[in-house]
Amino acid sequence: EKIEYNNEVVKEIYRHLENWKVIRDNKEKPQPKGIDKTESPWRIYANKILTNSQDLTLIPGVGGTKRDVIKNQLKITTITDLENYTEDQLMNLLKPAFGKNVYNHVTAYKLKKVIPTKNKIVKDDSSKRVFYFDFETSDDVHPSELPHAYLIGLWGKEKKVFKYFLGRGKQEEEMIFKNFLDYLGNLDDVILYHWSKYEIGAIDDVIEEYPKLADQLKKLKTRCVDLLDIVKDSFYIPVPTYSIKKVAPFLGFSWRQGEVNAFESMVLYWDWLRGSKQEPIDKVLRYNEDDCIAMAYIDEKLFS
């Protein structure tokens, strides 16, 4: 049977074939688009290539597209090449805000140190009860369990105690949030630090699903502060991304379980749901505790 192809499809096929021929003939060497933030098997290898070559995408805010802009504008290929430019030159050659960001991050890499920005935030939490919190969630990859938050970890700054609220399955999600709110009590003097917007999105989902908790959780949201935003606004740090897994190790922090990450913790939780062994969930609890302590560590190192 004869198959009719759309002309645009044929053109696209030939375009890809030409690209492969160029790569095959060593006329062009493809580059990673930028730092791989996924849990893919090739992530470590791809990121090592970028690190060894001092690729421009190691600068926060510089992805594959902006890397090409810098290369085309300045005719350079590495972070080291950028050390020859002044801040004014980069602000003129690139857009002012972009050039300023590039210059200061390159300087941070060169000096191997954190550089405060001119708008460094002064934090005074002395009159508040300060906590650092982190959620662990199960997503829709699971064949039968509905997506839900199953663990809320909480590290108290003053007492340096880890408290957690753990549920077993979707049916206990409302319970752990109620217990979390009960533990915090009056929210008027509370500051709850988190890293990135993920936790706020999870709270919004819970507000929508459990109306009885909505008013308390809406108030809790007003007490939440994104520590990531504060750190990004306050410091240039020589790391490729401002993920907590990059910032905290640069400052000297290390997780106790190198083999456990966000996806692995979810798989361990599923193992715990299937059986009666405590070991899988104990690993998740240690991982979550370290995430909370990492935030407190960053806060202390940068703002104390």
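Predicted model: local features only at pLDDT ≥ 70, side-chain atom pairs only at ≥ 80, totals over all residues.

Guide: Tyr269 is buried, and Trp272 is buried as well.

The protein chain has 304 residues, and 44% of them are buried. Its secondary structure comes to 13 helices and 7 strands. Along the principal axes, the C-alpha atoms fill a box of roughly 65 × 65 × 35 Å. Among contacts between residues at least 6 apart in sequence, 66% join residues at least 24 apart.

The aromatic rings come next. The chain contains 12 aromatic pairs. One of them joins Phe235 and Phe303 in an edge-to-face arrangement, with 5.4 Å centre to centre and 70° between the planes. This pair links distant parts of the chain, for Phe235 belongs to strand E7 (residues 235-236) and Phe303 to helix H13, 68 residues apart. Phe235 and Phe303 are both buried. Tyr269 and Trp272, with which this account began, also form an aromatic pair; theirs is tilted, at 6.1 Å centre to centre and 40° between the planes. Elsewhere, Phe133, Phe135, Phe165, Phe177, Phe180 and Tyr183 form one aromatic cluster.

Rings also meet charged groups. The ring of Phe303 has the charged end of Lys123 sitting over it, 5.1 Å from the ring centre. A corresponding arrangement involves Phe98, where the charged end of Lys66 sits over the ring at 4.8 Å from its centre.

We may now turn to the nonpolar cores. The largest nonpolar core has 41 residues, and the members that touch the most others are Trp195, Val231, Ile237, Val247, Ile298 and Leu302. At least two residues of this core come from each of strand E2 (129-138), strand E3 (148-156), strand E5 (190-194), helix H10 (227-234), helix H11 (244-250), helix H12 (262-274) and helix H13 (279-303). Helix H13 gives the most to this core, with 11 residues.

Val247 shows how a member of the largest core is surrounded. Leaving aside residues up to four places away in sequence, Val247 touches Trp195, Ile237, Val239, Thr241, Tyr242 and Ile298. Of these, Trp195, Ile237 and Ile298 are, like Val247 itself, among the core members that touch the most others.

At the start of H10, a side-chain oxygen of Asp226 reaches to within 3.0 Å of the backbone nitrogen of Leu228.

His142 lies in the loop between E2 and E3. Its relative accessibility is 16%, and residues under 20% count as buried, so His142 is a buried loop residue. A polar atom of the His142 side chain lies 3.1 Å from the backbone nitrogen of Ser144.

For contrast, two lysines may be considered. Lys75 has a positive phi of about 60°, although it is not a glycine. Lys75 is found in the loop between helix H3 (64-74) and helix H4 (79-82), and with a relative accessible area of 68% this residue is exposed. Lys112 also has a positive phi, of about 55°, without being a glycine. Lys112 is located in the loop between helix H6 (96-111) and strand E1 (115-116). At 66% relative accessibility, Lys112 counts as exposed.

Methods: Residues numbered from 1 in each chain as written. Heavy atoms only, no water. Core = buried A, V, L, I, M, F, W, Y, C linked by side-chain atoms within 4.5 Å. Buried < 20%, exposed > 50% of the residue type's maximum accessible area, 1.4 Å probe, protein only. Helix = DSSP H or I, 4+ residues; strand = E, 2+ residues; numbered from the N terminus. Contact = heavy atoms within 4.5 Å. Polar contact = N/O pair within 3.5 Å; in protein donor to acceptor, adjacent residues only side chain to side chain. Phe/Tyr/Trp six-rings, centres within 6.5 Å; stacked < 30°, edge-to-face > 60°. Lys NZ or Arg CZ within 6 Å of the ring centre and 35° of its normal.
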